[in-house]
Amino acid sequence: MKTCVFISGGGIGGLTLGLKLARCGIDVTIAERLTGPSPVYKGELLQPKSLEILDSLGVIGPVMEEGHKITDLELTELKNLKAKPEHSTMSYSILPSDYPFSLMIHHETLKGILLNEAQSYSTFHYHSQTMCKGIKGKTVILQDRKTKEMNELLCDFIIGAEGRSSVTRDHMGVSVKEKKYNHHFLTVTFPRPDQLVKGKIISTYQSFLGLFPLKNEEVRSVYLIPAGEYQSLRKKPISEFHQLYITMCPELEGYVNQLKDWKQIQLMVPVKYHSETYVKDHLALIGDAAHTVHPMAGEGMNMAIQDGDVLGELLCDMYKWDKLHPSNLEWYPKVRRKRVSHQMHLSHLSALAYSYPYRPIGWLRKKSLQRMERDMVSHYKQMLNISGLGLWRENLHDRMIQGGLLPIRKGTITSEEKDVSTFTRMQDYPWKETEALR
Ligand SMILES: Cc1cc2nc3c(=O)[nH]c(=O)nc-3n(C[C@H](O)[C@H](O)[C@H](O)COP(=O)(O)OP(=O)(O)OC[C@H]3O[C@@H](n4cnc5c(N)ncnc54)[C@H](O)[C@@H]3O)c2cc1C
């Protein structure tokens with residue numbers, strides 16, 4: 001068997017890349033070890049840049065139909081559970097995009113939309129229940145998990161999109177150094193009150209609850225617990241779990257209580273790593289195979305989509321212009337690596353802000369979030385950087401304003417400032433300008 005591009009893993013990253021290649025008429029084969037939808041919760045928040053990419057892939061219609069728009073993130077700090085809450089709001093609406101909002105969509109629904117669209121192209125081949133077992137040069141070894149039959153597939157390029165444990169990454173000899181955190185999360189989706197339509201983060205100095213509404217009156221939640229506490233929590237009656245949520249957000253009374261069993265609640269263990277290289281010869285890594293990020297800023301799935309877009313555009317041009325030298329793949333990390341590093345840094349900082357259960361940290365967090373909301377430049381930088389639409393680095397001046405050491409800036413962001421900080425088509429796909437493909 002032969003294919004041009006083989007993708008190991010049919011998660012969000014693999015499917016984005018597969019669809020992009022199929023639209024260019026490239027013969028592409030995905031092997032996915034699972035038979036059908038996974039019951040595991042994964043990323044569900046689509047950032048504006050990902051929405052633009054999904055638009056370019058022709059699937060924005062069904063994605064919008066299945067999603068819930070989030071324009072504002074409301075951050076509420078409770079001094080204690082009886083005190084008046086203090087709010088700040090971060091808004092996507094200030095961003096220069098046709099999609100100035102994020103969108104919550106069930107992970108498996110999004111995968112289904114991408115797969116369905118990709119299967120309308122004759123050059124797209126998808127094998128479920130098929131495991132990539134190993135790689136020998138340009139040949140991949142596949143196993144049908146049901147029949148145990150082994151097959152070999154010859155290909156020009158091999159892309160590892162297997163998520164955290166990656167056969168391709170191992171074959172490339174690329175190691176990753178995992179950073180663990182002092183906390184874990186409980187995560188679960190349950191029915192929500194009608195009025196809960198914004199993204200909400202509610203915290204005290206020692207607790208954190210994130211609420212992200214989905215379509216059909218559901219809400220995905222994440223609740224921070226100290227690392228290692230899950231087993232002892234699970235021994236308690238489920239009513240104690242309900243109470244944790246209701247204490248932080250009384251409007252969830254009658255909704256979270258509909259969860260009847262700890263089995264419905266998943267443990268999420270945040271880790272962070274960034275592989276030292278994304279590319280070796282004719283092999284490349286995308287998504288979680290290349291980098292994993294703390295989920296606090298909602299970036300994991302978006303980074304996989306954005307990798308798939310850049311690598312996909314590059315491969316499309318390589319085939320279109322018949323420039324198939326593997327060294328051309330190096331354009332992909334040239335674009336993605338520093339963007340990924342910055343998003344990982346932001347997610348890590350957000351994680352640290354909520355990691356330590358001390359009153360002064362809670363107070364400082366509340367103060368800097370409120371000042372960030374009012375300081376237009378800080379607000380814009382934060383939303384731009386998490387959106388994936390551009391990069392405008394925070395500096396010491398910004399941090400001093402957020403910390404209250406310098407006054408909040410007056411005025412608005414100029415269109416020139418917006419232009420220079422937003423990625424252009426040539427920054428997304430720089431090889432197009434230089435005609436540098438070999
Ligand atoms: C438990 C969990 C919870 C998460 N929650 C959040 C969240 O709340 N917010 C957030 O932003 N991010 C979250 N993430 C991260 C986010 O979901 C990922 O960043 C994103 O799914 C990465 O997409 P991917 O396609 O790179 O990898 P994956 O989604 O992991 O997809 C990889 C696919 O490859 C398949 N595969 C693996 N090995 C092989 C093989 N040898 N052969 C064939 N197929 C193979 C797997 O079955 C899987 O379908 C979570 C991740 C996990 C694991």
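1. Seven strands build an open sheet, running in the order 6-5-14-15-16-13-17, and the pairing is mixed. At its edges sit strand 6 (86-91) and strand 17, each of which pairs on one side only. From one strand to the next, the twist averages 20 degrees. Keep in mind that this is a predicted model.

2. Now zoom in on one pair from that sheet. Strand 14 (residues 199-204) and strand 15 (residues 207-214) pair in the antiparallel sense, over 5 bridges. If you want one to look for, Ser-203 has Phe-208 in strand 15 as its bridge partner.

3. On to the ligand. It is surrounded by 34 residues, and the closest are Gly-13, Glu-32, Lys-42, Gly-43 and Asp-288. Sorted by class, this shell has 13 nonpolar, 13 polar and 8 charged residues.

4. Which atoms come up to the ligand's oxygens? Here are some. A backbone N or O atom of Gly-43 is 2.9 Å from a ligand oxygen, and one of Ile-12 is 3.3 Å from a ligand oxygen. Arg-220 uses its side chain instead: an N or O atom there lies 3.2 Å from an oxygen of the ligand.

5. How much of the ligand does the protein cover? The elements giving two or more residues to the shell are helix 1 (12-23), strand 9 (130-136), strand 17 (266-268) and helix 8 (300-320).

6. Finally, where does the ligand lie? Domain 1 (2-67 + 105-179 + 271-344) and domain 2 (182-268) both give residues to its shell, so the ligand lies between them.

Methods
Residues numbered from 1 in each chain as written. Predicted model: local features only at pLDDT ≥ 70, side-chain atom pairs only at ≥ 80, totals over all residues. Heavy atoms only, no water. Near = heavy atom within 4 Å. Polar contact = N/O pair within 3.5 Å; in protein donor to acceptor, adjacent residues only side chain to side chain. Helix = DSSP H or I, 4+ residues; strand = E, 2+ residues; numbered from the N terminus. Nonpolar A, V, L, I, M, F, W, Y, C, P; charged D, E, K, R; others polar. Domains from an automatic or database assignment. Pairing = 2+ DSSP bridges. Axes fitted to C-alpha atoms, helices over the stretch in contact; angles between N-to-C directions.
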